[in-house]
Amino acid sequence: MRPFVFRTAAWRRALATSALLVVMLSASCYRQAAEQPRQESRSGPIRIGSVLFLTGPAASYGAMQRSAFEIGRDEINSSGGIDGHPLEIIYEDSEHSEPKAVAAVKKLIGVDKVPMILEVTGSGEALASAPVAQSSRIVLLSAIDSSPKLTESGSYFFRIMPSDLFQGRFLSDWGHAMNWKKAAILFVNNDWGVGMRDSVTASFTKAGGTIALTESSADEDLDFRTQFAKIKAAKPDGVFLLLYPQAAGRALKQAKELGVRGPFLGGDALSGSEVGATAGAASDGLMFCQPSKGSGPVFDAFRKKYLDRFHDEPSVYSIKSYDAVKIAGEALRHKGPTTEGVREYLDHLQNYRGASGIISLDANGDIVTQEYDKYVYRSGKFERMN
Amino acid sequence: MALLLQFILNGIAIGAVYALVAVGYTLIYGVMKFINFAHGDVVMVGAFIFYAASKGGHLGFAGALMVAAIATALFGMLLYLLAYRPLRRATRLAPLISAIGVSIALRGAAVWIFGPEIRSVHVPAVFPSINIFGAVLPGREIEILLITASMAIVLVLLLRHSTLGICVRAVADDREAAEASGLRAELLIVAVFAAASAIGAVGGVMVAASYDLSPSMGTLLGLKAFTASVIGGIGNVTGALVAGVMVGVFENLAAGYLGSAYKDAWALALLAVFLLAKPTGLFAPAASRKV
Amino acid sequence: MDIHLLDVITTAGIFVLVAIGLHVVVGLAGVLSVGQAAFLGIGAYATAILTLRAGLAPFTALLAGCAVASILAALLSLTAIRVRDDYLLILTLGFGECFRLVFQNWETLTGGTRGIAGIGPFEIFGKQFPDGHGLLIVVWLAVIVVAAAVVCLERSPFGRALIAVRDDETLARSLGRTPFAYRASAMVCGALVTSVAGSVLAHKLSYIDSNTGFGFETSLLVFAMVVLGGRGSLPGAVSGATALVFLPEMLRRVGFPEATAAYLRQIIIGVVLIALSSYRPRGVFGTLRFEPR
């Protein structure tokens, strides 16, 4: 009596597929084994990994970060590399999905055997990946993740983007400075928007104000009419507009159509060019804050390179990404490209002069303080306020 | 009072779009006895063709709208011929699987060609906004309502009084009898598919012009429009039109007074309620079948 | 075996479980459902919420998740009594979307888009199975157990009646079977198995939020796994799931990260589904005995 796995055509084909998969697996294992001696003994490039949004929603952030990484990497390599070895970055795609981000991180650690990971974009993706970094003892340095939840992510996670707590507090203080007693919040329902909402609400109410109304919008939603109808009825002194650029542009247009006057105050995401492009005249008077871009030679040099190569102003995300890769270069040079050397360097990182300002990391691996600048939109473009 | 009116006006504006898309579901069901699961994504295709025509082709609103409607009509016919017609004689589940495949492929193709981000098309409003007791009806919404209303009137008149309309209704009522009396049912079905796609495309264009478009916009839009076609009595075009507006108003009132976070869920709740309690809808045609 | 391979094989196991669950619904009962990811989410969130906030043991939380999923599946099947296949299909889509909205917006319960972090490792009978070799074995043992159960189900009188209801409802009814009861049971079984997979996924990732993959995209992917493998065929569903998980990750390993782009996958899957329906209605491993109309 033949065993049931051979009995029907279906089972036979299943067996054949499984055999094929086993062959594929073995082939890729063999290829890895044959190609991966330990990093330190090679005389070739030093490779680090990066998990970005290369495809999927928010893929524009991936492109932005990659551009900035490349400028920084080229600078490192043209000034001697890492002790003579050129720096290479292996890019992986997380498709803005946490399980995929984790798989990508594991591939970089387990297959490519990188000594550190430069950025896992997305606070959710970073939160899912941090435990992997911790248990594998590989450093994860993030350039732009800002969720307050990442503060407690273990001793191998570091980030140079300030937690949203800072920005929320800054916006709330700004609202108070404009004599807002009663405010409304319109936020996008993702971890950035929710984090901002919570920190703005906490700071604003602590300083004596009231939040009259909090309205949410779905991540992909560009219709805010219902929300604005309610906001109009609540008659607030001002509106915290915690949205992304394109949504903000649409929102402002709809607000104008419905007769909601503002004033509107938003976060650093509003530095995106879609705000002016989408809202046109309706964006006049929109105010927002950004982490200080820093000034001085480092920022100016980077800005010039970025403009030359990509014909676009660098956003705060590009600037932070540039700083991150330069810091990574320093960390790898510190005691040779080992993961413990990198960790030691980052544990003690103080007063690093980056394009985004002075960077110092605290015991949690978070950036210590951050200055913010105020900006206002006029005629579709924004300029710094004094 | 102004708030209530504002919600209702918002609801009518989006309801007009639901109405147009719902007509598509209803028309196709009428002649094929089949819910085209991929209809929402066909509408999405129409919206993107409009986007390409106005951004890339630099056509004005009217021109891009015509291009979108005609192109989507042709696309709909192609889809029918490739993905549904070969399955007439197949098992009962095969067309559904094919429809799911169409949906997946269309969404993937849209992302491939246009990228996954949400886009907007800037269409300047011709009419000024009007203010009704404190509620604002923006000029663009007035245009949408006018276009939708005229299309609706033309459609209903065509169906009721023109020869073509009578032929379509004959095939919908009883295909074999219609064929026996000489009607070429196959041709009519192709024509209906084209028309349903075109009308849906106009709805999609309205969404693109007034709100936004993205490769995944077809999913929820299709769901809500399907709800409307169920409520209106599946197969009943006038019912679908009226129910579309009803769904829009209901959704906005619920979102306004009960919470805007779950805005999309209200229409789904309506669907569940109707399918449980009254699947034949509010305006079921006289000879109502068990669905 | 490096950690990436471990990860892929574990993830494959989890999705094989989901595919087996959907196979019971789609393949055996003939109910086309594109809302299955909702149950994946229910299992995951039940585990996260109950282990972290109510202090329940992981296995207990897993069982609780199964219970919730079963109840919801039963409710969903209620709407299926009076409704035909094509309506039901859209209804399952609506069902799935509803839960996505709940996962996203019910912040106090699910953490919304901020999610729930710090989920501990899977634990049963006092032994922990953190992500790695341990969890891999647990997942694939579960697969074997569940697959064996489903094979027994298929051959049992219940299973045969279920297939009869799928193939020819009128005939089945005339022989005294109540289609609703059979379909409802199948949907409950499917939901149960998928919920287990969700719980394990939560333990594996240790962090979940509404973006983790409990929405329409995942439902469509799992549906494709089951259908491409061949509806009505359990080995087909297993192969489909394994292949669709392995392929993108193997491409990543050999150096084509962007080739794993979701949209390419979608286009290929969509076209293959259309083609298969026309030219090979039985899928790659078909064992269906549908009679053409």
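Colleague: How many of the 14 residues of helix 8 of chain A are buried?
Modeller: This is a predicted model, in which local features need pLDDT of at least 70 and side-chain atom pairs count only at pLDDT 80 or more, while totals for chains, interfaces and linings use all residues. Residues are numbered from 1 along each chain as its sequence is written, with chains lettered from A and ligands numbered from 1 in the order in which they are written. A residue is buried if 20 or more other C-beta atoms, placed from the backbone, lie within 10 Å of its own, and helices (H or I, at least four residues) and strands (E, at least two) are DSSP runs numbered from the N terminus. Helix 8 of chain A is largely enclosed by the rest of the structure, because the number of its 14 residues that are buried is 13.

Colleague: How far apart are the end C-alpha atoms of helix 8 of chain A?
Modeller: Helix 8 covers residues 245-258 of chain A and is followed by A:Gly259, whose phi is positive, near 85°. At 1.5 Å a residue (times one less than the number of residues), the helix should span 20 Å, which agrees with the distance between its end C-alpha atoms, 20 Å.

Colleague: Which helix of chain C supplies the largest share of its side that touches chain B?
Modeller: Counting residues in contact (C-beta atoms, placed from the backbone, within 7 Å), 37 residues come from chain C and 40 residues from chain B. Helix 4 (85-105), helix 10 (216-230) and helix 12 (262-279) of chain C each supply at least two residues of that side. The largest share, 12 residues, comes from helix 4.

Colleague: Which helix of chain C gives the largest share of its side that touches chain A?
Modeller: Here the contact takes 41 residues from chain C and 38 residues from chain A. Helix 1 (3-28), helix 4 and helix 11 (234-253) of chain C give two or more residues to that side. The largest share, 11 residues, comes from helix 11.

Key: Buried ≥ 20, exposed ≤ 12 C-beta atoms within 10 Å, placed from the backbone. Contact = placed C-beta atoms within 7 Å.
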